[in-house]
Amino acid sequence: MTIRLWSREAEPEASAEFRRVLWTGEHSQLVIMTIQPGGDIGEETHWDNDQILSFVSGSGKAVVEDDEQFVTAGDIVAVPAGTRHNFINVGPNPLVLYTIYGPPHHADGAVHATKEDAEKAEVSGQDEPPQG
């Protein structure tokens, strides 16, 4: 097995897209996201996926069910499967975060430059996770 190593600080500079899948395993997936000022992930519920989000830079608002909390670099938020959530950039700089899905939620190697590209890929079925 080859060790896969990413730099928590350097990867965001190389991955300025809305969403980039960095690694997909059988039981989990590592994704980096960059939310532009005023943008958001979009309210969603993942019925079959737990999600852990680790914030690298920027400032945002976590909305999980009916609870809201300010988030910034160093914060981590867990979102259990079946939980409605959204993350909103409330600062002047990009909100950058890593998210781990369990099991994988996106197509292996998927790169979506914008939120709109990500939504189109999801609707068209091009962003389906690998079937194990």
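**Chatting through a predicted sheet**

Q: Hi! How many bridges pair strand 4 and strand 9?
A: Strand 4 (residues 50-57) and strand 9 (residues 95-102) are joined by seven bridges, in the antiparallel sense. Strands here are DSSP runs of E with at least two residues, and helices are runs of H or I with at least four, numbered from the N terminus. Two strands pair if DSSP finds at least two bridges between them.

Q: Before I go on, what kind of model is this?
A: It is a predicted model, where local features need pLDDT of at least 70 and side-chain atom pairs count only at pLDDT 80 or more, while totals for chains, interfaces and linings use all residues. Residues are numbered from 1 along each chain as its sequence is written, and side-chain values use heavy atoms, leaving out hydrogens and water.

Q: Thanks. Which residue stands opposite Asp 50?
A: Gly 102 in strand 9 does. On strand 7, Val 77 stands opposite Leu 53, and four antiparallel bridges join strand 4 to strand 7.

Q: What's the strand order in the open sheet?
A: The six strands run 7-4-9-2-1-10, with antiparallel pairing. Strand 7 (76-79) and strand 10 (111-112) are at the edges with a single partner strand each, so one side of each has no neighbour in the sheet.

Q: Changing topic: which residues touch the most other members of the largest nonpolar core?
A: Among its 19 residues, they are Met 33, Ile 35, Ile 41, Leu 53, Phe 55, Phe 87 and Leu 97. Strands 2, 4, 7 and 9 each supply at least two residues of this core. A nonpolar core is a set of buried Ala, Val, Leu, Ile, Met, Phe, Trp, Tyr and Cys residues joined through side-chain atoms within 4.5 Å. Buried means under 20% relative accessible area, exposed over 50%, and partly exposed in between (1.4 Å probe, protein chains only).

Q: And Thr 34, buried or exposed?
A: Thr 34 counts as buried because its relative accessibility is 7%. Thr 34 sits in strand 2 (residues 29-35).

Q: How many salt bridges are there?
A: Seven, taking a salt bridge as a side-chain nitrogen of Lys or Arg within 4 Å of a carboxyl oxygen of Asp or Glu. One of them joins Lys 115 and Asp 40 (2.5 Å, N to O).

Q: Where do Lys 115 and Asp 40 lie?
A: Lys 115 is in helix 2 (residues 115-124) and Asp 40 in the loop between strand 2 and strand 3 (44-45), so the pair ties together parts 75 residues apart in sequence. Asp 40 is partly exposed, at 21% relative accessible area.
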